[in-house]
Structure formats: structure tokens, C-alpha cells
Amino acid sequence: MARDETYDLQHPNKANFFATVEKQALSACGLSMFANNRHVVALFLLALILRLAYLVEIRDTLYFHTLILDAEEYDYLAQALIEGDWWLTTHRTYVHGPLYPALLALLKLGGAGLVATRLFQTVLGAFSCVLLYAIARRFFPAPTPLLTGLIAVGYWPFILYNGELLATTLTIFIELLLVIQLVRCTDRPSYWSAAGAGALLGLLIETRSNTLLLVPVALWWLYHRTRSRLLVPFCVGLCAVLAPFLIHNSLVQGTPLPSQGAWSFYMGNNPAADGTPYARQGIDWQRLEILPYQADMATSSADRGRFYLSEGLNFIIDQPLAYLQLLYRKFRLFWHAFEIPVSVDIHFYEAHSRLSHLNLFGFGVIAPLALVGLVWNWNRWRQYGLLYGFGLSYLVSGLLFTVCARYRLPAVPFLMIFAAEALRQGALSLKGHQWRRSAALALALGAALALGHTGIDPAQVDHLRSAWLQGQVHMRNQAYDRAERAYLQALQAGPDADVYSSLGAVYEAERQPREAETAYRRALALASDHTRARLNLGNLLRGEQRFDEAESLFLEALVNDPRPAIQYEGHYYLGYLYLDQRDYLRAYGSFTTAVEAEQRAEGFYALANACHRLGRQDEQIRHLRQTVDIDPEFAAAHRNLGALYLQRGEHSLAEEALLQALKLEPDVAIAHYNLGVLYMRTGRRDLAQTAFETAERLRRAE
């Protein structure tokens, strides 16, 4: 009978190997470690080959060069860092942790584009497979480590997310390094190793704030293994890395942790919640975002966070039975085989990648096996407590917030280890003819399979609306015919206000106003509070000079939706409606209200336009200056400033503005003409002649 051997954490051979792997991983000198073990080399190369093959497969697909949703936000933050906004103070930046945008910014500064960044992440993902193999080898005997590594190498969601500009790949890499470092603290206890573990956990929290749940796990592990002597240096390392993050958040948004956490908490705990991040786009997002504004609790992001937290807690207190049912649903969602898409169009990639069909160990197999492994080894929970803690912390996160494929993915490495161990235990039982044990394992696996494959309707928890999202990308790329086809395909699943609203925008771009109006009105019939459809319809009617109908739509939007962005847009559009009616004073008032809601370059430029119609030249210049201060590349504002300065005889200012305008848009005839006039007035006749000739040539070409 084969002996069921389990390795102790203090086994000297394992400790030496693990310490070597960890040392090399932390120093980022991974190539030298490959010579130590052929499995490491094979796993890394196989993982890298599969991930590179996947990038080749999707290189010409829709999303490869067009970032969407969270990936677009991360890129936005990275660009803000590059442009010097170190505080990340703009209104969109509270959503994500700063570490991944900082990494993207470094890659951008090094000249990396989207392709190079994806390649970098494939290498990071391949290294993660090696680190996971090393962790499994430290805790369990052969063949569990190799099985774990092979499962990780070919796991389709790992491959998919390694190719996406999301923090998931970085999160998994750092968490695996953290596990290695925490075990090193038990093998070779030192203050520096404990401080390093704390620093890694701080970096992990700066990537995804829900990993704060790992703090008690790490503290328990260190105390359990070393008593209390490493707790202080661990906390010092953690606080040293985390303090700037917490201080920054407190100064910028008024709360130590990103206020988005309160939004996520409410999304996961309210009467309409289904356990998933269901409100990601369109009308559902609008309805959730509008709530604190309607309650007059939206002065700052901290106020909005307090509102969402309070409302979520009120739901738990007021409806405990409904909350318990929701908790049970989240538990089922976490273990279910279906990969709930949120930030990535998983179904699209599955249709465009052959590698997705090679996923022999999908979550529907890994999770049941992992449950068997977790239960079977429960009597050794102290020995494997670090793995239990890391894996189940993400289950707790899902119960607190929401569950989807991307959010549970960081738990999967630890589930893989227990899944591989369950396979080893089953093989040992069969080989040793331990039929009772084999039957018990089979029954446990059957129950786990039932848990993972029943109780959830995938169609009800898939809120991504793949066809609609594809249409949005086609719209952004101005491929209107493809966008129209995608939206019509989306409507085959049933009427959808967001799809009709987007379809109306396509018809407008294709200059089909009747069809556009019909689509917008269908959107409003399905969702009378759909602000985007109402504003778009108002603009369409304004263009047709149906001013009374358009004004009514704009005013309804302003009354129903108090969000600053909508208040800006509504008053901005009203201003142009009044300009069309030559009611310049009311236009001036609307534009003024718009820029009070949000200070945007286009708003100040429109306000300058109204001032021009009212003959308020000084104020017009002031607003044009505000326009170019906000957007230095606003060429029309520079041109108008140049013309105004020329009228006032302020030639140096006029020349500066006109030259800047021509630098941005060199083919505008009026700018060359005004520059020629300026040169004539300042005695530079040769330059004036050249400018006039250029202006005349451009006029003829128009």
C-alpha cells in the first residue's frame, strides 16, 4: 500500500529549495533559477508559449487595440501620472488602486505600447505559474506541485487575463510572492524578511483594496509560526508602504480607502442586488450613481461613500432574511462553474481563441476538486492555514461585495493546489485499494460538482451584454455599419433601453434622423429615466429646429438627473439651443450654469461665444483664456484669442495665440490671414505676404 506522505513545513530540503526560489523571484533574476529544476523551466516555457500563442490569436480582434471599461480607466490614470498629476485628483481616479496605473506609466515612459504591455504581462503570468509550482512544492509532495503547475499553465482565464490591461495579473503575481515571503519568514526568520512581507502586502493592497482581508491571515500565520517576534517588523513594512496610499486618499477624497469600496458594498447589498456587479454600464449604472445626489449627500466622494455604506448597512439591518438569501446566492456564485463577465468580454474571446477549448481544467472542475481537497485536509488546517486563508479570503470578499470571474480569480491559484492534492489523494486511494476512502472521495466530489453546476442560471447573471459592448467599440472606431449590426443583434435577446439609445446614436451618425428619433423614443419608452437617450433626442430635435420639444427634453433631464456631468451637459445644450434662437442672454445664463457644474474647456468656449454675441469683449477674452488653460490644445480658442488681441492692438499676445493655433491646426485659412494682418501692422511685409498667400491657397482648396 502506498504511504500517504505529507511534507512538514520545517522539512529542510523543501525549505532550502523554497528559499532559493523566493530569493531569485524577489530579485527578478528568474533565469538563473531555471537551471535548478527542469520542471520549473518546462512550466515557464510552456506557460509563455501558450500566452504568446493566445496574443497571436487575438491580435486582429476587436478589443486588442481598443481599451474598454476598467482597462480604459487604468490607461487614463497612467497617462495622468505621466502628465504630472501625481495626486490623481480628477473625478474619475477614485475607482482604482494606484500601483497598476503606476506600472503602466513606467512601461509607457519606456516606450511600451499596448502590444509590449501585453507581452510584459504574459511574462509575468508565466512567472506566476512557476511561483505557484514552488508554493505547492513547499507544502505538498509530488506529484501535487507538478499537477498544480500544469493546471495553472493551461488555465484559460489565466491566459485570457494575462492579455488584458487589468490589475488582475499583477495582483496574482504579488500575492504569490507574498506567500513565498511569509513562508520564508518561518524557514529563515528575520526582521528583514518580515518587513519585506509587510511591504509586499502593502503593495498588494495598493493594487486591490479588498486584499486588506489578507492582513489578519498574514498576522495569524506569523504569530502561529514565530510567536510575536516578527509581528512588529511586519507591521512596520506594511505601514511604510501603505501610509502614503492612505494619506493620499484622505487628502484627495476624504477617506483612507478608495470610496469605490462603499459603492461596491452597496451594489452587493441592496434590494435589487443579485450577487454580481450588475451595474457596470448604461441605465443601471445611472440609477445607482444618481442615488446620493438625489439624497443631497454628494458634495464629495467621501459623502457619496458614506451614503452607499449607510444604505447597504440599512438593507442588511432592515431585511435580514433577504440578506441571508443574498449571502447564500453569493456563496453559490463563488463556487459555480460559470465565469461571470464584467470588465472583459469573455464570450467574445472564447469565440476567437482555439486555446479556450483546451481548458481541460476549467473552474467547474477545479472548484469541486478544491472543495474536496479543502475538506479532506481540514484536520491539518494549521499546517496549511496560509493557503486556506488566502483562498477563502476572496470568498469572504465576494460575500461582502460581489462575485464575478475577475474578482474570484486571485483565489484560484490556492484552489488549484488543493485540487491537485485531491487528485493525488484519489490516486493513492485507488492504487492502495482503499475502497471506502475512494468512495468517500467520490461522494464528496459528486456533492461539490452539484454545488458548482446547479442553482445558478448563467443568463441571469451575465450583465455584460456582449453584442452591445462590441457595438460601443465599433462606434468609437466610427465603424457605424458594424455598430448597427451589433446593436440589432443585441436586440434579438429582447428590448433594451441602452441598446436602443446607442442605436439612435448610430442612426444619427449615419444621417438617418427619423430612425434615430424612433430609437431614442423606444429607449425612453422602456426606461423613462434614461438620461442619455433624453439628451441625445433633445440634441437631435434642436438640430431640426424643433426648439420647444428639445427644450422640454433638456429641462426634464436636468430635473431628473442631478449629477454634475448631466447638469453640465443639459445646460450646455440648452445654451446652444438659445443661441440658435438668438436669445443670447439666456444662452449666457445656461453656459454660466454649465461651467459652474463642471469646468470644461468646451463650456468656457461656449460662454465666450455668448459673450461675443453680447458684445462683452473683456469677458470673452477671459473665458477664452480659461478654455486654453484647461485644454492647451484647443486650437479654435487660440485663434479667437489671436483675433481679439489683434483687434485690441495687443500684437505680441496676438502673435503668440495665432502661432499656437497654427501649430495645432496649420491648415486654417483665417489664422494665416490674421497673422498676415499682424505682420503688416508690425512692418514685417515679407512674412505678411507669405501668410496672405498661404491663406488664399487654403481658401481655394476648401
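Student: Which residue does E517 form a salt bridge with?
Tutor: Keep in mind that this is a predicted model. E517 pairs with R546, and their closest N and O atoms are 3.0 Å apart. The two sit in distant parts of the chain, 29 residues apart: E517 belongs to helix α28 (residues 513-526), while R546 is in the loop between α29 (531-543) and α30 (547-560).

Student: Is E517 buried or exposed?
Tutor: E517 counts as buried because its relative accessibility is 11%, under the 20% cut-off. R546 is at 23%, so R546 counts as partly exposed.

Student: What else does R546 meet in a salt bridge?
Tutor: E549, with 3.1 Å from N to O. E549 has 36% relative accessibility and therefore counts as partly exposed. There's a network here too: salt bridges link R514, E517, R521, E544, R546 and E549.

Student: How many salt bridges are there by this rule?
Tutor: The count is 35. Another one joins E339 to R408, at 3.4 Å between the closest N and O atoms. Those partners are 69 residues apart, with E339 in the loop between α17 (320-335) and α18 (346-352) and R408 in helix α21 (residues 405-408). Both E339 and R408 are buried.

Student: OK, switching to helices. At what angle do α4 and α5 cross?
Tutor: Roughly 65°, with the axes of α4 (residues 69-82) and α5 (residues 99-109) coming within 8 Å. The crossing is right-handed.

Student: And which residues meet there?
Tutor: On α4, they include Y74, L77 and L81; on α5, Y100, L104 and L109 are among them. The contact residues divide into eleven nonpolar, one polar and two charged.

How values were computed: Residues are numbered from 1 along each chain as its sequence is written. This is a predicted model: local features need pLDDT of at least 70, side-chain atom pairs count only at pLDDT 80 or more; totals for chains, interfaces and linings use all residues. Side-chain values use heavy atoms; hydrogens and water are left out. Axes are lines fitted to C-alpha atoms, for helices over the stretch in contact, and angles run from 0 to 180 degrees between N-to-C directions. Helices (H or I, at least four residues) and strands (E, at least two) are DSSP runs, numbered from the N terminus. A crossing is left-handed if the near helix is turned anticlockwise from the far one by less than a right angle, and right-handed if clockwise. Contact means heavy atoms within 4.5 Å. Ala, Val, Leu, Ile, Met, Phe, Trp, Tyr, Cys and Pro count as nonpolar, Asp, Glu, Lys and Arg as charged, and the others, Gly among them, as polar. A salt bridge is a side-chain nitrogen of Lys or Arg within 4 Å of a carboxyl oxygen of Asp or Glu. Buried means under 20% relative accessible area, exposed over 50%, partly exposed in between (1.4 Å probe, protein chains only).
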